[in-house]
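This report looks at a few residues and their surroundings. The structure comes first, and the text follows it.

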Amino acid sequence: MATSSPASGTGGQGVARPAFRHRHLLGISQLNQYEIVDLLDRAEAMIPISRQERKILPTLSGKTQINLFFENSTRTQSSFEIAGKRLGAQVTNMSVKTSSVAKGETLIDTAATLNAMRPDVIIVRHGASGAVELLSQKVGCSVINAGDGAHEHPTQALLDALTMRQHKGRLAGLTVAICGDIANSRVARSNLLLLGAMQARTRVVAPRTLLPRGIEMLATEVFTDMRQGLEGADVVMMLRLQHERANGRMIPSVREYYHFYGLDEEKLSFAKPDAIVMHPGPMNRGVEIDPAIADGPRSVITEQVEMGVAVRMAVLDTLLADREAQP
């Protein structure tokens, strides 16, 4: 049977892979090429389940999943909730605003409390980089990072990669331009790590004030001119301005930002004719992206949401059911 190389990102069902060696999923940085492709293959197999009439695969029946979100989220939290329920898990969403955390309880105390409830997996989003890893050291169950500060958001990068693979058939050799607030984006960091591991050509495009120090170590190319950065791109990924992380000191004005860095038809024309447009959400229409582009034929933004459920099903299944089956 012919097989593909792991870096191609096209799957490799004929390649014998070792069992998944991680108890947690804290970041893309912990994964190698084979593990990335394995998770993408598993996620691809989950897509038909979400599209069938009865969307249940009871592989996690009897398992308990806690979603612990210290930051507001719509897509990620609901996606993890749906993923867990479609696998048969018992899912609890912990409201931090009404919990003991709001009364001054520390993260470590919260971890100890939750650990005493014997969950099988905790999904954590936190505003501080490294907080999820700290919590993982204090509990006896698996922990999945749903975004920590400006550090990482591994399942977002995996769902983005799956979306690219669905449309382009591969990851290796693709030219992917990530545009916008790079400095404050955990999505950008996780995508750059994943795409770099899979031998894609990565570009970041942003004003200098939104480019973090040392970005050249992660991206293949760095641009401050949108048109140059999009030249010949296969994938254009737009990021929102994260005002909550930068205290409003990022750009002179929204109007000026849109003029130079907002994705419209004219700027998109510099990418390849079959380039796809992505956005992790939430979108600021008329700020980083023209509504006509967001809703246009080259946009795959809603497909990213669908792939998010499949990826999170695959991650949950891999960490819980797969590890339980190991001798």
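## Arg-186

Is Arg-186 buried or exposed? Arg-186 counts as buried because its relative accessibility is 8%, where buried means under 20% relative accessible area, exposed over 50% and partly exposed in between, for a 1.4 Å probe and protein chains only.

The model is predicted: local features need pLDDT of at least 70, side-chain atom pairs count only at pLDDT 80 or more, and totals for chains, interfaces and linings use all residues. Residues are numbered from 1 along each chain as its sequence is written, and side-chain values use heavy atoms, with hydrogens and water left out.

Arg-186 is in helix α6, residues 186-197; helices are DSSP runs of H or I with at least four residues, strands are runs of E with at least two, and both are numbered from the N terminus. The side chain of Arg-186 reaches the backbone oxygen of Gly-149 at 3.1 Å.

## Arg-240

Arg-240 is in the loop between β8 (235-238) and α8 (243-246). Leaving out residues up to four places away in sequence, Arg-240 touches Asp-181, His-279, Pro-282, Asn-284 and Glu-288, where contact means heavy atoms within 4.5 Å.

## Charges over rings

Two side chains are described here. Lys-267 lies over the face of Tyr-258, at 6.0 Å from the ring centre. Arg-312 lies over the face of Phe-80, at 5.0 Å from the ring centre. A charge sits over a ring if NZ of Lys or CZ of Arg is within 6 Å of the ring centre and within 35 degrees of the ring normal.

Conventions. A polar contact is a pair of N or O atoms within 3.5 Å; within protein, one must be able to donate a hydrogen and the other to accept it, and residues adjacent in sequence count only if both atoms are side-chain atoms.
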